Amino acid sequence: MNRAAVPVPPAPLAGRTGELETLEARLAAAGRGRAGLVVMSGTTGMGKTRLLRSFLERARGRDVTVLEGACGRTAAGPGHAAAPALFARLAPAGPDTAEPPRFGTSYQVLHGLHALVLKLTADRPLVLALDDAHSCDEQSLRWLDFTLRRAQGLRLLVVLARRAEAEPAAPEAWADLVAQPACSTVHLGPLGQAQIGALARQVFRTPVAPVFAEQVAGCSGGNPRRATRLLRALCAEGVRPDARGAGRAAELGERLVALSVHGRLARLPGWIREVAAAAAVLGEVSPELVGALAGVPGGLVRDALGTLRRCELVPEQHPARMDEAVRAAVLEPLAPAELTRLRCRAALLLSDAGRPAEQVAGHLLQLPGPPEPWMVTVLHEAAARAEDRGAPGSAAAFFHRVLEARPEDDTVRLRLATALAQADPSEAVPLLREALARTADVRARARIAVQYGMTCLAAHQAPAAAGELAEILHALRVELDPADELRTAVESVLLITGSADRGTVASVRERVRRPSAPGTGGAAAHQRHALTALLAALYGCSREVTVEHARRVLETPEPVPQSWPVITSAVALGLADETSDALAVLERSLRHGQGDRAEWNRALALSGRALVRYATGAIPEAMADARTVLETAAEESSGARLTLPRVVLASAQLDRGEAESADRLLGGIARPQPQGSILDYHPYLLARARARRALGDAEAALALLLESGRAQSAAGLANPVFSPWWSEACHALAALGRPDEAREFAEHGDELAQRWGTARGLGLAALARGVITAGRPGVDLLAESVARLACSPARTEHARAEYALGRALLASGDLADAREHLRAAADRARGCGALALARAARRLLITAGGRMREITASRVDMLTDAECKVAGLVAGGASNRQIASTLFVTVRTVETHLTNVYRKLGVGHRAALATVLPARTLTASARPC
């Protein structure tokens, strides 16, 4: 057991600050003569009694008379059950506060009690508070109604706390009372993640990870009582409130929910339990469907659903869906045969009711055995609908079931593989391999081979595709003209997987230089244009061709938002300096994939965005994307093969001056091979070389760079910015005092950059030539690189060029200009998150006679400008809604920024931000500069 984690009773008002402020505002109004009634409503366990007591304790400390009581569970018999409970404490106070009079008529009693209220409000405000007011008797409700209708100008506040799921004992009297204009309602809803996090901190007395709080909130439904029980149980087990503890919270939370549900169901009649089971199978609370499935008449179904709502087993809103944990707990006791019968019957009922095919098919997925013919029809339609809306995970699940009934249907097998290629490429690979083996027609095999090769690439199994692709390409060369697009597509996939020879390189480069045919769109056209865009970029054929084909994928009227053609085209646009468009389409791809099971595609999209962001100098954002991919895949067998996000993360760590961490991360990668994917191999070599150089092993770094250069030359790669080994080699040799050895590399890079024509490429080329050129010519080249990179999206490279120019000016004795460029380098590098470069620029700036405060490795530097503003405002005490209003954004945007802030700073709650943010951030609510 964790000795530091001793269970502590939570404070009474965790997460109820807003409700308490509302009550106090009504009390302040009552103190000014505006009498009022507040009905505080919440389901069992929502904390209404604790909130009421806390409010009354505060009221007593403010010169307010407080009379409180609790109603009995029933209101049987005549008399005033609630009124005596309120006034009982007045008896010992003295002769002026005798017990309420007992008049002979109802009006006399009401008038007498009202007179007593008038007397009590003469000197100070009066609060009348009743807990469990849903059980209040009719006479007491009539008296409160009588008094409030005559309370104009009185300093009176009536507070009634009731259980939302309970029917009032006197419904007519209750309806009359709450219909008054002076009545307002305070609804105690479920606690959110932040509030549950505050509750967890009170129990554990330690920072709480957001993912842990989110899991507890989900398991408890935001119910404070259930959340407290779960938190105390976890604390007693020694579980820590971190990401690992969230897994245990899910397990224990499901068990506690199940025990709670089973206990509540056990107290209900059998026919109500049947209605609960029917609602759980359907997942919704439609009285007609639930009644038909349970075999219970309509009137009784509504009564049963009302009972289940009061037991918090079904939600109150309509139309409503049951909580998944509650559904699982309700269905757990059912025998498998009975559950199968109910699910089959539910699918038939939904189909007869004309519900969408995907909704019906969702029930069919859970049935054992091969589907029946009518089920196959529904599943096939559901799969087609899922394809149309870009939900590959759902489509794959439906096609799986169709294939069980039609194992010989090659069309279904291929469509399943196509869907899986986006949802889980590793599962799609064997299906595509089987489809290749079962297909005799060469052209048909070639089309499958293109999908197969790209799927192997996504699944990090590129070498596995080489044999099949080479065999198909040989057959195509016999039958098809070299200009045939299908042949070119197969050759293109071979190139990207790194398995082609020089002849293939020449053929494809010639093909992608030609003007493209208009085409008609569709999946095949998306693949063709995406391949052409990427190859035109990697082989430096033409920036214009790259952008043209990439935009054809992205600007098609109905593109596939979650597919490798979109992600591939975005990466190609990034290489062409069209980074804004690349990031926009990756954002769209990520938004579109939420809620479906396309985990692989999401990982690819995040990896692509990390790469593009890193290229633009958005280092903290790139690190966040890369870490998200790696954290998501940490427990998957494929996690070790995710090379690209590891390379991006390591490169960012190098920029931050964390060379040891970067080297360890790169050392954990199973080194990509030259015959593998070129998208993994060359960035890996470049990052590894940078790490070795940062650790002082310049010769090893140079060897890795030259290895990358030889491999790129052998593969025919000719893009100057994809993996610029030549540029890094020039910097390494310049640092070693061997600039003459670098001239060949600089000329090679300049030739590539001139051909490609982007500002980034030309700037890198000028920078490489400048660092190996002495005297005024070198300064002029470095000034050219600064000017060119200033017009590019490469902010980190721009800072690097400013640093190189400042260093050269310092060496030439031009201190004033040196200070200008070194200060610019430090500011730009710090703004990007490249702290190693920023510190180096600061050191030279001080040598040149300038001044600048110390540049620290604070985690705050990882925050974006927007995140820094949100963090500063939160630490200053602002609510999410206030921040949204201040920054002119939505509350959801604020919540997203705050989640990122918690992750980057390693804190679990709002209060901790003030301890980790520097004072200037708190006062300026902006990134420190």
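Student: Which residue of β4 is the bridge partner of V127?
Tutor: In this predicted model, V127 has L157 of β4 as its bridge partner. Strand β3, residues 126-131, and β4 run parallel and are joined by five bridges.

Student: What does the chain pass through from β3 to β4?
Tutor: The chain passes through helix α5, residues 138-149, on its way from β3 to β4. This β-α-β crossover is right-handed.

Student: And how many bridges join β1 to β4?
Tutor: Seven bridges join them, and strand β1, residues 36-42, runs parallel to β4. One of the residue pairs is V39 with L160 of β4.

Student: How many residues of β4 are buried?
Tutor: Seven of the eight residues in β4, which spans 156-163, are buried, so the strand is mostly covered.

Student: Changing topic, why is helix α12 described as largely enclosed?
Tutor: Helix α12 covers residues 287-294, and six of its eight residues are buried, so the rest of the structure largely encloses it. The buried residues are P287, L289, V290, G291, L293 and A294.

Student: Which helices do those buried residues pack against?
Tutor: They pack against α11 (270-282), α13 (298-310) and α15 (336-352).

Student: Which side chain does H549 join in a polar contact?
Tutor: The side chain of H549 is joined to that of H529 by a polar contact of 2.9 Å.

Definitions and conventions
Residues are numbered from 1 along each chain as its sequence is written. This is a predicted model: local features need pLDDT of at least 70, side-chain atom pairs count only at pLDDT 80 or more; totals for chains, interfaces and linings use all residues. Side-chain values use heavy atoms; hydrogens and water are left out. A polar contact is a pair of N or O atoms within 3.5 Å; within protein, one must be able to donate a hydrogen and the other to accept it, and residues adjacent in sequence count only if both atoms are side-chain atoms. Buried means under 20% relative accessible area, exposed over 50%, partly exposed in between (1.4 Å probe, protein chains only). Helices (H or I, at least four residues) and strands (E, at least two) are DSSP runs, numbered from the N terminus. Two strands pair if DSSP finds at least two bridges between them. A crossover is right-handed if, with the strands pointing away from the viewer, the path from the first strand over the helix to the second runs clockwise. Contact means heavy atoms within 4.5 Å.
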